[in-house]
Amino acid sequence: MADALFETLLRLGDNTLILGHRVSEWCGHAPVLEEDIALANTALDLLGQTSLWLEYAGEIEGAGRSADDLAFLRDAWDFHNVLLVELPNGDFGQTVMRQYLFDQFNLMNLRALTGSTDNRIAEIAEKAVKEAAYHVDRSRGTVVGLGDGTAESHERMQAALNILWPYALELFITDDTDADMAKAGVIPDPKTLEADYRATIEATLAEATLTLPDAHFGHRGSGKDGRMHTEHLGHILTQMQWLQRAYPGQAW
Amino acid sequence: MSKEWPLWEIFIRGQHGLSHRHVGSLHAPDAETAVKNARDVYTRRSEGVSIWVVEARHITATAPGDKGPIFEPSESKVYRHPTFYDIPDDVGHM
């Protein structure tokens, strides 16, 4: 049970850690100042959520690892984030589409987690859910604005959706760990969130004049259990972990 | 059509009971996005409880060149300040 809980917390924390890092890559590079600051705020929110999840993960593991140890001293195969969040930023449209696909899931998942039988998880979710609600508000609005914008922005958003949609489906795979945790009331069964998610995404896409691609494949959950990541994760870690690898134990 | 987003003036109310104050301006494609941008640009450190946005072109302002006729006449009218009568002690601090 402790193993499954540790695994569950890593999945939660790694999703927000890797996406937070990805989004932070825009800092100083976004197309306009306002978006630059907004993206940095989102990245910081996600890193804040990460530290809560990973700190708790370290306590459950009981091996004396802190949130920082887990973030900066694990190698790629020990990361249990979904593949969606480690994909490259692409153009601004692809970043926004990825953000919306994740934000909508994060909001629904966190709402369910506020009722977790694990008090600590419920408390973290309670705090994070307000941030997630704003993230959805923002990324959803931008998806609609760009989807139903100019011919070029529409085309870019549709291209982004075509690339990202199959990856989004990994969020709703229930494996044995999820099933055990769901049975104990610790997390919602991911499968049960999918119908609501799809309906919400489809409503947004209709407003954005975008259409869901026929996904001939869905990713099978190799990211969340660490079996296989994309080639991009190693590159993220090289940059993210560089300082702790080069100067072990360095602190502010 | 210009590709530039319009400019919005941002007003934020710091705490209940105080009025909104102008804090700066930013660009946004529409009013809703201007509110979101204002939230992200101007309230990162808990500066506000309420945000107003007004598209800058809707603000009509006095021209700096009109300073003389508009503001100077009031400078010589000290009797407009309530300083020509005594306030009874009983009133206390006003």
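Start with two helices of chain A: select α2(A) and α5, residues 119–147. This is a predicted model. The axes of α2(A) and α5(A) come within 11 Å and cross at roughly 165°. The two helices are therefore roughly antiparallel to each other, since angles over 145 degrees count that way. The crossing of α2(A) past α5(A) is left-handed.

Now show side chains at this contact. On α2(A), pick A:A38, A:T42, A:D45, A:Q49, A:L52, A:W53 and A:Y56. Facing them on α5(A) are A:R120, A:I124, A:A128, A:E131, A:H135 and A:R138. Color by class: six residues of this contact are nonpolar, three polar and four charged.

**Across to chain B**

From α2(A), take A:E34, A:I37, A:A38 and A:N41. From α1(B), take B:N37, B:D40 and B:V41. By class, this helix contact has three nonpolar, two polar and two charged residues.

**The whole contact between the chains**

Chain A gives eight residues and chain B gives 11. Which elements of chain B each supply at least two residues to the side that touches chain A? They are β2, residues 21–27, and α1. The largest share of that side, six residues, comes from α1(B). Color the side of chain B that touches chain A by class: four residues are nonpolar, three polar and four charged.

**Back out to chain A**

Count 10 helices and zero strands. Read along the sequence, the pattern is α-α-α-α-α-α-α-α-α-α. The radius of gyration of chain A is 18 Å, close to the 18 Å of the globule rule for 252 residues, so chain A is as compact as a globular protein of that length.

Orient chain A along its principal axes. The C-alpha atoms fill a box of roughly 55 × 45 × 30 Å. Then color by burial: 44% of the 252 residues count as buried. Among contacts between residues at least 6 apart in sequence, 72% join residues at least 24 apart.

Technical notes: Residues numbered from 1 in each chain as written. Chains lettered and ligands numbered in written order. Predicted model: local features only at pLDDT ≥ 70, side-chain atom pairs only at ≥ 80, totals over all residues. Helix = DSSP H or I, 4+ residues; strand = E, 2+ residues; numbered from the N terminus. Rg over C-alpha atoms; globule rule 2.2 N^0.38 Å. Buried ≥ 20, exposed ≤ 12 C-beta atoms within 10 Å, placed from the backbone. Contact = placed C-beta atoms within 7 Å. Nonpolar A, V, L, I, M, F, W, Y, C, P; charged D, E, K, R; others polar. Axes fitted to C-alpha atoms, helices over the stretch in contact; angles between N-to-C directions. Parallel < 35°, antiparallel > 145°, perpendicular 65-115°, else oblique. Left-handed = near helix turned anticlockwise from the far one by under 90°.
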